[in-house]
Amino acid sequence: MILKSKYMFESKSTRIYRHLASIGIIIISIFLAYTFVCSILLLDARNETKNTKVKFKNSPPDLIVVFTGGAGRIEFAIKKARELKQPNIFITGVNEKSSVQTILSPIKIADKDYEHIDLDYTAKNTVQNVVSTLEYLRNNPGVHKVVIVSSDYHIMRIKHIIQTLKLTNDKFEFYYTAVSSNYLYFKNIKILYTETFKLVRTKIYLFFLNSGD
């Protein structure tokens, strides 16, 4: 145990207290380490967003991709499309009953902009989002510089999946811009902590997937 006995002869109650204190220290240490990893996810998303802003300050990307699943992502992508002067948007992971009009109805957008938005109905999770995005890019020659929009806690996992699944002859350049979450709300903290676990789980899954090739 972490806390060693100070006495040669130790009472039962003292020993129990020492063991419980050691367990408490271990749990707190694990929690702090886990929290540190969570903060790395957010710092990485912030850096990626800054890099994207600098990269496309004077020229637009070829496409903006939105991974559905988090509040505000599509609206943020529309805003980013106007900012970057790039109307071409690919939204992956859309419900099969949805259309461009129903998705964008809550957002103020000109009717003429609907024709620049493509939807993917096949993806059900982040790995499938990436697979659908890569397939879309391979079927659209001329698209090279791609900005991916998702929530801040989600960016690092997307990056890892893309780096793992992208083929050697894929010449796409990926950039990321994050929708910031408000971590004053417990719900968002819970999502962040869950996402860190998903990142580890995804790394393990993709490792074994590649090992089987």
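Arg 157 and Glu 195 form a salt bridge, with their closest N and O atoms 2.5 Å apart; the term salt bridge is used here for a side-chain nitrogen of Lys or Arg within 4 Å of a carboxyl oxygen of Asp or Glu. This pair links distant parts of the chain, since Arg 157 belongs to helix α5 and Glu 195 to helix α6 (residues 186-211), 38 residues apart. Both Arg 157 and Glu 195 are buried, where buried means under 20% relative accessible area, exposed over 50%, and partly exposed in between, with a 1.4 Å probe and protein chains only.

The model is predicted, and local features need pLDDT of at least 70, side-chain atom pairs count only at pLDDT 80 or more, while totals for chains, interfaces and linings use all residues. Residues are numbered from 1 along each chain as its sequence is written, and side-chain values use heavy atoms, with hydrogens and water left out.

By the rule given above, the count comes to five salt bridges.

| Pair | Closest N to O distance |
|---|---|
| Arg 157 and Glu 195 | 2.5 Å |
| Asp 170 and Arg 138 | 2.7 Å |

Asp 170 forms its salt bridge with Arg 138. This pair, too, links distant parts of the chain, with Asp 170 in the loop between α5 (155-165) and β5 (173-179) and Arg 138 in helix α4 (residues 126-138), 32 residues apart. Asp 170 counts as buried because its relative accessibility is 9%, whereas Arg 138, at 35%, counts as partly exposed.

Glu 83 and Lys 80, by contrast, both lie in helix α2 (residues 73-84), three residues apart, or about one turn of the helix. Lys 80 has a relative accessibility of 12% and therefore counts as buried, while Glu 83, at 42%, counts as partly exposed.

As for the overall layout, the chain has six helices and five strands, taken as DSSP runs numbered from the N terminus (H or I of at least four residues for helices, E of at least two for strands). Along the sequence they follow the pattern α-β-α-β-α-β-α-β-α-β-α. Of the 213 residues, 38% count as buried. Among contacts (heavy atoms within 4.5 Å) between residues at least 6 apart in sequence, 76% join residues at least 24 apart.
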